[in-house]
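Hi,

Here is the structure I said I would pass on. Have a look at it first, and my notes on what turned up follow below.

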Amino acid sequence: KMTQQMRDLQLAQARKPPGPSSPNAAKRLYRNLSGKFRVNYTSFDESSLVGRGEKEKLRKSYLLQSNAALFEAVELQDLDRVQELLKQYSPEELDLNTPNSEGLLPLDIAIMTNNVPIARALLQAGAKESPHFVSLESRSLHLSTLVREAEQRVNELTAQVVNEAPNADCSNKEKQLKAWEWRYQLYKRMKAGFEHARVPDAPANVHLSVASSSSVQVTFGEPLSVNSAVVTKYKVEWSFFPTFSPLLGEAVIDKMKNLHFTIQGLVSGTAYYVQVSAYNMKGWGPPQASVPPFAIPSNWREYDGRAPRRRGQAEALDHLLGQVKTVHQHCICHEPCKNQPQSRKHSVSKSLKHLFHPGSKFLKTLKRGLYLTAIFYKDDNILVTHEDQIPVVEIDDTYSCLLMQDFLWFTKVSCMWDEILWLRQCVTVSQSSCSCILQTRFKMLLAISQMQGLLGIQDLGQVFFEPVKDKQGNILIVTLKEVKTNQTFESVRWVPICKLQSSRKSVSSPEEPTALDTLLISIQDKLAYHQRSSHALSPGLYLGYLKLCSAVDQIRVLVPEQLPNILCHVKIRSNPNISREEWEWLQKMVSVEEPVPVEPEAETSQNHLFQELQVAIKELMTLVNIPLQEAKDFRLYSQEVLDFGGQVSFLLLLPPSDDVCTAPGQNNPYTPRSGFLTLPLQIFELGEER
């Protein structure tokens, strides 16, 4: 018998003990375990256990019980309990893909009872169908055998209950009878579900796009009708011909989290046809051809043979820096440093003597000048000195007006925290020139070295995009860094931010707050900015909006507060690649003098991009508060696609040439809604590089 073969297989595997003696017993076990599964093993009295072996036995026992509870939850159609078990245990701990004594897996029971929510939850967790059902006939025969044996057991117990006199044994058999009647109904429902089901319809929304010069990507959705049986896998096929004969290749997708597949290793410039079909327990459904029906692997650079803009730039800059260092190794600028051993000791020493050196202390108060402060934070805590002050060191006590160029130079230095000593040596030789700018920058380097020495940390983090100022003439340059590990430091300690703010508020003057007061009041905003500026976009193609405004000493760029390291943008699609055909169509569109764009033919990748761009432009104009009728004079930047790491790319939407950069005093009638800020262009470029 089929059932006997399954049971023999289970005995050979010896993977787990037999299930409960009856469904009622399983229900009781399920109810009892519902509370127990929430208990951590370490909460038991370990004195009652004898060694690690007993603990491991206890753990295995709970895992076996969790496996039985999962089967029972699926049979009882308890979605909440199924989700709880899947969240609490891994698929391996649950033995998710090991058949029970009836040769069934949890997914088999879910799909044959047509319980779609539970089946999808199991599929998301990696559940499979039983490998023993190699054909429709074997599945049908197995279900018929289960129904027949359950019916036979019900008849036997019914006869025994009717013929025996009432006693304890008879009462036990009545319970068994009820349990087997319940299981008989379950098997009948599974058999009826299998017989009623049909193969699924074709997948919906099968879309084909060019992923690179050697790959295409197909995305698809679930069939509109699964015909009473959950889809458990999909098949992607590709060929040179629309008839798909012969096939070039195929791939089966059984992971249901993301319904897409990238076909790699293709030949650039060759057309590939793709179709997708769905599978359920009744077999494979009809295939659905993609839209467009074929794709040609390519990249926009192939249009004019353009090389990547940044190819070799990082290597060239490293080589140039190495050459500069080599030249400076033998120049006179190192002599002053050799004669100043105290300065070198001052920048790297961490001893107690160094901490009490009169020139090497954190400042408690500001006295009209230029200062450097470093903010290190972890969760809701911040590093402070032993006097409960944010670490502050002096840059220049005679400098009351920070020039923007000096500040921007400091931000560039923040990319070379490990090279500060070398930079000091290079700047020292120019001291005799009496240049105020060079003297200020040399003092900046000294302050950085002092902060690094006092904290014992080289990397001071990212510079906040603008200094903090007060009416007393104090200027604070602020650096921010998140600490993700539990580090201890010699001269500072962790304090909750709220506690620091409360203590500072009690001693500060609300009428004329100092720069430190202003910093503490706005510290949450600055930490939020720092965290957001390190966020990355998800892979895809984006439409960005470039808007600049100029001042006397700087140009600023409009960015969203939630992602200040990226231009204002909306997502066009998940595929970042622009194909050669799409780029060629874009070139034709921007070269047309008439305001009406050249609409591509239907069912082509160009047409799909055209529709995506229309939606993206409307969304972007709404985002930046520009009436759609004004966008008729906007233009797409057609010189290149901006690539960021291969996974993110941008098309730029530009205002008319006279409006790209708003001059000082120029009226700008369309101001974005809240949620935007303007950054100095150089700060934005540095953030983009990070």
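Predicted model: local features only at pLDDT ≥ 70, side-chain atom pairs only at ≥ 80, totals over all residues.

Aspartate 95 is buried, because its relative accessible area of 14% is under the 20% cut-off.

With a relative accessible area of 29%, aspartate 388 counts as partly exposed.

While you are checking backbone angles, here are two prolines for the list. The peptide bond from serine 245 to proline 246 is cis, with omega near 0 degrees; proline 246 sits in the loop between strand 3 (233-239) and strand 4 (249-253). The bond from valine 291 to proline 292 is also cis, with omega near -5 degrees, but proline 292 is placed in strand 8 (residues 288-295).

Now the overall picture. The protein has 690 residues, and 45% of them are buried. I count 22 helices and 24 strands. Of the contacts with a separation of 6 or more, 73% are between residues 24 or more positions apart. The accessible surface comes to about 35800 Å², with 53% of that belonging to carbon and sulfur atoms.

On to the packing. In soluble globular proteins, nonpolar side chains tend to be buried together. The largest nonpolar core here has 71 residues, and Leu372, Ile375, Ile448, Leu455, Leu476 and Ile477 have the most contacts inside it. Helix 16 (residues 436-455) gives this core its largest share, eight residues. Both domain 3 (369-534) and domain 4 (540-591 + 605-689) supply at least three residues each to this core.

What does leucine 455 touch, leaving aside its neighbours within four places in sequence? The contacts are Phe362, Ala374, Phe376, Pro391, Leu460, Phe489, Ser491 and Val492. Apart from that core lies another one, of 62 residues, including Leu85, Phe133, Ala229 and Val274.

You will find it in strand 20 (residues 635-636), buried with a relative accessible area of 15%. Beyond its neighbours within four places in sequence, leucine 636 is in contact with Leu543, Leu586, Met589, Val590, Leu613, Leu652 and Leu653. The C-alpha atoms of leucine 636 and glutamine 587 are separated by 9.6 Å, with the two residues 49 apart along the chain.

As for the aromatics, the count comes to 14 pairs. Take phenylalanine 410 and tryptophan 417: their ring centres are 6.3 Å apart and their planes stand at 70 degrees, so the pair is edge-to-face. Both phenylalanine 410 and tryptophan 417 are buried. Elsewhere on the list, Phe464, Phe465 and Tyr529 form one aromatic cluster.

Cheers

Notes:
Residues numbered from 1 in each chain as written. Heavy atoms only, no water. Helix = DSSP H or I, 4+ residues; strand = E, 2+ residues; numbered from the N terminus. Buried < 20%, exposed > 50% of the residue type's maximum accessible area, 1.4 Å probe, protein only. Contact = heavy atoms within 4.5 Å. Core = buried A, V, L, I, M, F, W, Y, C linked by side-chain atoms within 4.5 Å. Domains from an automatic or database assignment. Areas by Shrake-Rupley, 256 points an atom, 1.4 Å probe, with all protein chains shown as cover. Phe/Tyr/Trp six-rings, centres within 6.5 Å; stacked < 30°, edge-to-face > 60°.
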